[in-house]
Amino acid sequence: GKRVPGQGRDPNRTPMQWDGGPNAGFTVEGAASWLPLADDFGRVNVEAELKDPASMLNLYRTLLEFRKSSPALREGSYEHVHAMDEDCYVYLRRAGKQKVLVALNFAEKPTILDLSAYGSGTIHVSTSMKRNGQVNLVKLKLEPLEGLVIELAG
């Protein structure tokens, strides 16, 4: 990128945005970077996202934490679940007694899925970071672009 400006991947990259300070905390104040800062570094950075429970950073941390504790997600078998909605992708992972259902809505509209064959469960992760706890799967409502990771009961 330095030798041939405009070529390679550098025009599409930015330094890691650690905070909203000078150079986004990537390097000391006054130092020049050959990569430009993103326009939103003042509000989209690690420091700000750590404080926001619904941030993308905290979503990833929650997903990784649950995956680490879940035999079904780490090493379980995979089973496709017919969702009856072309905008949704649903699958089941099993290991031992643990069963985890993942339901993803790729549409920009809400949808309701009949997953009554799976009974009920506990929402461990929602991509909106606003839902958790017990859920009945008879008429599971997925918000637009929402994904849920649900540990099934029994």
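Begin by selecting R131 and E146, whose side chains meet in a salt bridge at 2.8 Å, N to O (a salt bridge is a side-chain nitrogen of Lys or Arg within 4 Å of a carboxyl oxygen of Asp or Glu). The pair links distant parts of the chain, 15 residues apart: R131 is in the loop between strand 5 and strand 6, and E146 is in the loop between strand 7 and strand 8. Helices (H or I, at least four residues) and strands (E, at least two) are DSSP runs, numbered from the N terminus. The model is predicted, so that local features need pLDDT of at least 70 and side-chain atom pairs count only at pLDDT 80 or more, while totals for chains, interfaces and linings use all residues. Residues are numbered from 1 along each chain as its sequence is written, and side-chain values use heavy atoms, with hydrogens and water left out.

Colour the two partners by accessibility. E146 counts as buried at 3% relative accessibility, whereas R131 is partly exposed, with a relative accessible area of 25%. Buried means under 20% relative accessible area, exposed over 50%, and partly exposed in between (1.4 Å probe, protein chains only).

**Next stop: L145**

Step back to L145, in the loop between strand 7 (140-142) and strand 8. L145 has a positive phi of about 60 degrees although it is not a glycine. Most residues other than glycine have a negative phi. With a relative accessible area of 52%, L145 is exposed.

Six of them form an open sheet in the order 1-2-3-8-5-6, with antiparallel pairing (two strands pair if DSSP finds at least two bridges between them). Strand 1 (77-81) and strand 6 (133-136) stand at the edges, each with a single partner strand, so one side of each is left without a neighbour in the sheet. Neighbouring strands of this sheet are turned by 30 degrees against each other on average, direction ignored. Axes are lines fitted to C-alpha atoms, for helices over the stretch in contact, and angles run from 0 to 180 degrees between N-to-C directions.

Select residues 120-126 and 147-152, which are strand 5 and strand 8; they pair in the antiparallel sense over five bridges. I123 has I150 of strand 8 as its bridge partner.

Move on to strand 3. Six of its eight residues are buried, so strand 3 is largely enclosed by the rest of the structure. Strand 3 pairs with strand 8 in the antiparallel sense over five bridges, and the bridge partner of L104 in strand 8 is G147. Strand 3 also pairs in the antiparallel sense with strand 2 (residues 88-95), over eight bridges. For one of these bridges, select Y91 and its partner V102 in strand 3. The hairpin of strand 2 and strand 3 has two residues between the strands, and G96 takes a positive phi near 60 degrees there.

**Further salt bridges**

How many salt bridges does a search of the whole structure find? It finds five. Among them is the pair R94 and E79, whose side chains meet at 3.1 Å, N to O. R94 lies in strand 2 and E79 in strand 1, so the pair ties together parts that are 15 residues apart in sequence. R94 is partly exposed at a relative accessible area of 36%, and E79 is partly exposed at 31%.

Select next D87 and K109, whose side chains meet in a salt bridge at 3.4 Å, N to O. This pair links distant parts of the chain, 22 residues apart: D87 is in the loop between strand 1 and strand 2, and K109 in the loop between strand 3 and strand 4 (111-113). D87 counts as partly exposed at 26% relative accessibility, as does K109 at 43%.

**Last stop: before helix 1**

Finish in the segment before helix 1 (46-51), where M16 is placed. N23 is also in the segment before helix 1, and has a positive phi of about 55 degrees although it is not a glycine. M16 is partly exposed, with a relative accessible area of 39%. Select M16, W18 and F26 together: they make a nonpolar surface patch of about 310 Å². Patches are made of residues with over 30% relative accessible area and no salt bridge, with like charges joined within 9 Å and nonpolar side chains (Val, Leu, Ile, Met, Phe, Trp, Tyr) within 5 Å. Accessible areas come from the Shrake-Rupley method with a 1.4 Å probe, and for residues only the protein chains shown count as cover.
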